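Please keep the sequence and the 3D view beside you while reading.

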Amino acid sequence: AYTVADGGIDTPFGRLVATGVRDGSGVVLGVRERGIALTRVNGSHAGLKGRVLDVKFLGDATLVGVQADGLAAPLRVRTQAGELFEEGAEVGLSVDPARTLMFPAPLQEPD
């Protein structure tokens with residue numbers, strides 16, 4: 001979960017605007033499979049990096065499993081057919097803010 005400060009949240013993808021959410025509120029970030037873009041990494045890359053875990057061809061698209069640096073759970077990224085990524089390849093990840101969702105974070109029970 002993230003805490004909204006100055007109208008946004010700081011994520012591994014960078015700062016995202018939290019429209020309509022008050023500062024101090026907790027949110028959980030959801031990112032759509034098609035909202036993440038992958039790029040090949042050749043040498044240095046600014047931004048979030050990851051490694052391709054698996055690739056599944058779905059006909060008109062490809063589903064790529066990626067373990068991103070700093071994230072506990074792998075991400076699923078849906079790419080266009082023809083964009084080829086190999087297992088083990090290092091990739092850069094970026095997110096389309098329009099394809100993100102913010103949900104209220106569950107309330108924590110006091111200890």
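Predicted model: local features only at pLDDT ≥ 70, side-chain atom pairs only at ≥ 80, totals over all residues.

A strand is a DSSP run of E with at least two residues, and strands are numbered from the N terminus. With that in mind, strand β4, which covers residues 26-31, gives the most to the lining of the largest pocket, namely five residues.

**The largest pocket**
- The space in the largest pocket comes to about 180 Å³.
- Its lining is made up of A1, Y2, P12, F13, V27, V28, L29, G30, V31, L71 and L75.
- When the lining residues of the largest pocket are sorted by kind, ten are nonpolar, one is polar and no residue is charged.

- V64 belongs to strand β7, which runs over residues 61-68.
- V64 has a relative accessible area of 0%, and because buried means under 20%, V64 counts as buried.
- If neighbours within four places in sequence are left aside, the residues in contact with V64 are L38, V52, D54, L75, R76, V77 and T79.
- One of these contacts, L75, is also among the residues that line the largest pocket.
- V64 and F85 are 21 residues apart along the chain, and their C-alpha atoms are separated by 7.8 Å.

**Aromatic rings**
- The ring of F85 has the charged end of R40 sitting over it, at 4.9 Å from the ring centre.
- As for pairs between aromatic rings, the structure holds zero of them.

Terms used:
Residues numbered from 1 in each chain as written. Heavy atoms only, no water. Phe/Tyr/Trp six-rings, centres within 6.5 Å; stacked < 30°, edge-to-face > 60°. Lys NZ or Arg CZ within 6 Å of the ring centre and 35° of its normal. Helix = DSSP H or I, 4+ residues; strand = E, 2+ residues; numbered from the N terminus. Buried < 20%, exposed > 50% of the residue type's maximum accessible area, 1.4 Å probe, protein only. Contact = heavy atoms within 4.5 Å. 1 Å grid on protein atoms, 1.4 Å probe; cavity = no way out; pocket = protein on both sides within 12 Å on 5 of 7 lines; lining within 4 Å. Points joined across faces, edges and corners; volume = space filled by probe spheres on them. Nonpolar A, V, L, I, M, F, W, Y, C, P; charged D, E, K, R; others polar.
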